[in-house]
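Hi everyone, thanks for coming along. I'd like to walk you through a structure, so please have a look at it while I talk.

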Amino acid sequence: MKTVGEQMPNLWPRPRVSIGVPVFNGEEYLVAALDSLLAQTYADFEIVISDNASTDGTREICEDFVKRDRRVRYYRQPRNVGAARNFNSAFDLACGEYFKWHAHDDVCASTFLERCIAALDAVPEAVLCFTRTRFIDANGLHVRNYDHPLNLETKIRTERFLQSVLSGHIVVEIFGVMRADVLRRTPLIASYIGSDRVLLAELGLHGSFLEVPEYLFFHREHPKRSVHAYRDLRARIAWFDTSKSGRYALPTWRLIKEHMVSLTRVRMPMAERARIALGILRRGNWCRRKLADELLAAVFP
């Protein structure tokens, strides 16, 4: 990828936290997102922007921020490689002990990093820390508070994993602060629908999660969000991975398979692995209608 501005020489000693900002045509909200990150009270961080070959004013905005603050690095994909690869590029280019993905249209309160880093420093066995979430609209106005329906802070990893798998909750926890060394043991964001859910569940196998009981993360709801802009299944597949444009997939079947595969990447007693596998199959039992519909759609498009 091409780079803009001075890069790694400015980052020694390495920052404690890396914030990866994947973006594609994000000019409408990107300034607010970056401003909220640069306003953090915890200052030992870098921002790594991975631009997925945007065709709007995103590049100019990023170049301006590079000039304004030496902690900002900007990389541009030579072509649209899909959201999954662009998300992962932001992590691959990071060098901090902790890592956070940040969507180009979300914002954080100024104390977000401070609270999350303090919590993780106090609990070495924890792998991820998130805060409570407030939904905002296109204009940044409060819509509603989102109360996480899961007890992801439980110390029992079987429960953490199965809650992530069996619940249909919104996966905003993936925008929390994570230990980078643990994240490197995973496949990151894979190129299929729902891979963020699989990643979150797998992280739960490595260690506990922490929640800061304050509304410090603001998740923006607007018509251009990918979940709204790419409702058609084939379009959503292509959004994840442009090389799969036009293909059909079996997203629920794939999720069950990938959850099963993730169990093989983490060392655990066989009895525990069996309990979790049975829980995943229970998810499949709950989704029988959806599984059948996907097969029918694949056979009779």
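Let me start with the rings: how many aromatic pairs does the count come to? It comes to six aromatic pairs. Before I go into them, please keep in mind that this is a predicted model. The chain has a mean pLDDT of 87, and 86% of its residues reach 70 or more. One stretch to treat with care is residues 4-9, where the pLDDT is below 50. In the model, that stretch has 10 contacts beyond near neighbours in sequence.

Back to the aromatics, then. The count of pairs was six, and one of them is Phe 99 with Trp 101. Their ring centres are 5.3 Å apart and their planes stand at 90°, so we call this pair edge-to-face. Are these two residues buried or exposed? Phe 99 is buried, at a relative accessible area of 1%, and Trp 101 is buried too, at 0%. Both also belong to a cluster, in which ring pairs link Phe 87, Phe 91, Phe 99 and Trp 101.

Another pair is Phe 112 with Phe 217. Here the centres are 6.3 Å apart and the planes are at 50°, so the pair counts as tilted. What I like here is that the pair links distant parts of the chain. Phe 112 sits in helix H4, residues 112-122, while Phe 217 sits in strand E10, and 105 residues separate them. Phe 112 and Phe 217 are both buried.

Strand E8, residues 142-146, is antiparallel to E7, and four bridges join the two. Ile 136 turns up again here, standing opposite His 142 in E8. E7 and E8 form a hairpin, with five residues between the strands. If you zoom in on the turn, you'll find Gly 140, which has a positive phi of about 85°.

Then there is strand E9, residues 177-179, also antiparallel to E7 and joined to it by two bridges.

How many disulfides does the count come to? It comes to zero disulfides. Take Cys 108, for example: the nearest cysteine sulfur belongs to Cys 116 and is 8.2 Å away, whereas a disulfide needs the two sulfur atoms within 2.5 Å. Are the cysteines I checked buried or exposed? Cys 108 is buried, with a relative accessible area of 6%. Cys 95 is buried as well, with a relative accessible area of 14%.

That's my tour, and I'm happy to go back to any part of it.

Definitions and conventions:
Residues numbered from 1 in each chain as written. Predicted model: local features only at pLDDT ≥ 70, side-chain atom pairs only at ≥ 80, totals over all residues. Heavy atoms only, no water. Buried < 20%, exposed > 50% of the residue type's maximum accessible area, 1.4 Å probe, protein only. Pairing = 2+ DSSP bridges. pLDDT = per-residue confidence, 0-100. Contact = heavy atoms within 4.5 Å. Phe/Tyr/Trp six-rings, centres within 6.5 Å; stacked < 30°, edge-to-face > 60°.
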